[in-house]
Amino acid sequence: MKSLLSIVLLCFAVNFSVAQSNITEKKGVIKACNNYIEGFYEGDTNKLKESLQPTLNKFGFWKNKDTNVYEQLPHMSYEKAIAYAKRVFDSKNFAKEDAPKKVEVYDIGHSIASAKITAWWGIDYILLSKRGDKWMIEQVIWEGPLEK
C-alpha cells in the first residue's frame with residue numbers, strides 16, 4: 001500500500017511540475033509578444049530589442065485602396081523594426097488607447113513556439129525560439145485588417 005501511495009504522489013508531483021513549467025513558458029511567450037505590440041504602439045525600442053532576434057524576418061500584406069488587392073510590402077528586418085519604433089516615438093504617433101492588443105499562444109515546444117497577435121494594423125503570426133531562458137521572436141508574417 002505504501003508503494004502505491006508513493007507512486008501516486010510521485011505522479012502528482014511530476015504532473016504539477018510539468019504544469020508549472022508550461023505556465024512559465026506561456027508567460028514568456030506572451031511577454032515577448034506583448035513587448036512586440038507595445039514596442040510598435042509606444043515607439044519603445046527597448047521592448048523590441050528585448051524580444052526580437054537580430055535576424056528577424058517580417059513581411060506582410062496590405063490592401064491597396066486603389067486596386068482593392070492585398071499587396072506584399074517590403075521585408076522588415078530587425079533594424080527597420082527598431083527604426084520604425086523610433087519614428088513612432090519621435091513623432092508621438094502612438095496607437096490609440098483602445099487599439100487592439102490580443103495575444104493567442106498556439107503551441108509551445110522545448111525551444112520553439114507559435115502565436116497570433118491582433119493589433120491595430122491587422123493580424124500577425126509569430127514564430128519564436130527560446131534563447132537561454134528567454135523567448136525571442138524570429139519570424140513574422142502579417143496581413144492588414146480584414147474588412148468587416
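Me: What should I know about the model before we start?
Reply: This is a predicted model, where local features need pLDDT of at least 70, side-chain atom pairs count only at pLDDT 80 or more, and totals for chains, interfaces and linings use all residues. Residues are numbered from 1 along each chain as its sequence is written, and side-chain values use heavy atoms, with hydrogens and water left out.

Me: How many helices and strands are there in the protein chain?
Reply: The protein chain has three helices and six strands. Helices (H or I, at least four residues) and strands (E, at least two) are DSSP runs, numbered from the N terminus. Along the sequence, the pattern reads α-α-β-β-α-β-β-β-β.

Me: And what share of the residues counts as buried?
Reply: 32% of the 148 residues. Buried means under 20% relative accessible area, exposed means over 50%, and partly exposed is in between (1.4 Å probe, protein chains only).

Me: What about contacts in the protein chain, how many link residues 24 or more positions apart?
Reply: Among contacts with a separation of 6 or more, 51% are between residues 24 or more positions apart. A contact means heavy atoms within 4.5 Å.

Me: Switching topic: which rings pair up?
Reply: The search of the whole structure finds 10 aromatic pairs. One of them is Tyr 36 with Phe 40: their ring centres are 5.2 Å apart and their planes are at 85°, so the pair is edge-to-face. For the cut-offs, rings of Phe, Tyr and Trp (its six-membered ring) pair if their centres lie within 6.5 Å; planes under 30 degrees apart count as stacked, over 60 as edge-to-face and the rest as tilted.

Me: Where do Tyr 36 and Phe 40 lie?
Reply: Both are in helix H1 (residues 2-42), four residues apart, which is about one turn of the helix. Tyr 36 and Phe 40 are both buried.

Me: Why is the pair of Phe 59 and Phe 61 edge-to-face?
Reply: Because the planes of Phe 59 and Phe 61 are at 70°, with the ring centres 6.2 Å apart. Phe 59 is partly exposed, at 25% relative accessible area, and Phe 61 is partly exposed too, at 26%.

Me: Which residues form the aromatic cluster?
Reply: Tyr 36, Phe 40, Tyr 41, Tyr 84, Trp 120 and Trp 121. Trp 121 also has the charged end of Lys 58 over its ring, 5.5 Å from the centre. A charge sits over a ring if NZ of Lys or CZ of Arg is within 6 Å of the ring centre and within 35 degrees of the ring normal.

Me: Where is Trp 120 found?
Reply: Trp 120 is in the loop between strand E4 (112-119) and strand E5 (122-131). Its relative accessible area is 43%, so Trp 120 is partly exposed.

Me: OK, last topic: Ile 126, buried or exposed?
Reply: Ile 126 is buried, with a relative accessible area of 1%. Ile 126 is found in strand E5, and its contacts beyond four places away in sequence include Cys 33, Tyr 36 and Ser 114.

Me: And where does Ser 114 lie?
Reply: Ser 114 is in strand E4. Ser 114 counts as buried because its relative accessibility is 18%. Leaving out residues up to four places away in sequence, Ser 114 touches several residues, among them Val 105, Tyr 106 and Leu 128.
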